[in-house]
Amino acid sequence: MEEFLVELTTTVPEGTDPAEVDRRRTEESVRAGELAAAGHLVRLWRPMGELRSIGLWRAADEAELYEKVLGTLPLWPWMTSVVTVLEPHPNDPGGNAVTT
């Protein structure tokens, strides 16, 4: 599976019923747990004082990431995303670098 660094910013449309926002946020939490259990959502952070998230996600490819992973989030219609495809770095201390 490929890894992706994904920045998500949610903007609730003006005039949206607060009950709808609460419902979607509750469903978002449930769906995030399902995606984590399935190995798609690896880590998720919120920059201090900001209303966006940055996450490490996994999918077979970018199409699957959009269609079957991010696109299934209840808040997705209100989100903008910046996706960066990642590849292993030879000096990654968590990787399987060969030492001599």
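How far apart are the mean positions of the positive and negative charges of the protein chain? In this predicted model, the mean positions of the 9 positive and 17 negative charges lie 5 Å apart.

The protein chain has 100 residues, and 25% of them count as buried. Its accessible surface is about 6900 Å², with 53% of that belonging to carbon and sulfur atoms. Along the principal axes, the C-alpha trace spans about 60 × 30 × 20 Å.

Two helices and four strands make up the secondary structure elements of the protein chain, and their order along the sequence is β-α-β-β-α-β. Of the contacts between residues at least 6 apart in sequence, 67% join residues at least 24 apart.

Helix H1 covers residues 18–37, which is 20 residues. From its first C-alpha to its last, H1 reaches 29 Å, close to the 28 Å expected at 1.5 Å a residue. Val21, Arg24, Glu28 and Leu35 are the buried residues of H1. Seen down the axis of H1, these buried residues fall within an arc of 60°, so they line one face of the helix. An α-helix has 3.6 residues a turn, so residues three or four places apart point the same way. Thr26, Ser29 and Ala37, on the other side of H1, are exposed.

The cover over the buried residues of H1 includes the elements below.

| Element | Residues |
|---|---|
| strand E2 | residues 41–45 |
| strand E3 | residues 52–59 |
| helix H2 | residues 62–69 |
| strand E4 | residues 79–86 |

Methods
Residues are numbered from 1 along each chain as its sequence is written. This is a predicted model: local features need pLDDT of at least 70, side-chain atom pairs count only at pLDDT 80 or more; totals for chains, interfaces and linings use all residues. Side-chain values use heavy atoms; hydrogens and water are left out. Buried means under 20% relative accessible area, exposed over 50%, partly exposed in between (1.4 Å probe, protein chains only). Contact means heavy atoms within 4.5 Å. Accessible areas come from the Shrake-Rupley method with a 1.4 Å probe; for residues, only the protein chains shown count as cover. Lys and Arg count as positive and Asp and Glu as negative; His and the chain ends are not counted. The place of a charge is taken as NZ of Lys, CZ of Arg, CG of Asp or CD of Glu. The expected span of a helix is 1.5 Å times one less than its number of residues. The arc is that of the directions from the helix axis to the C-beta atoms.
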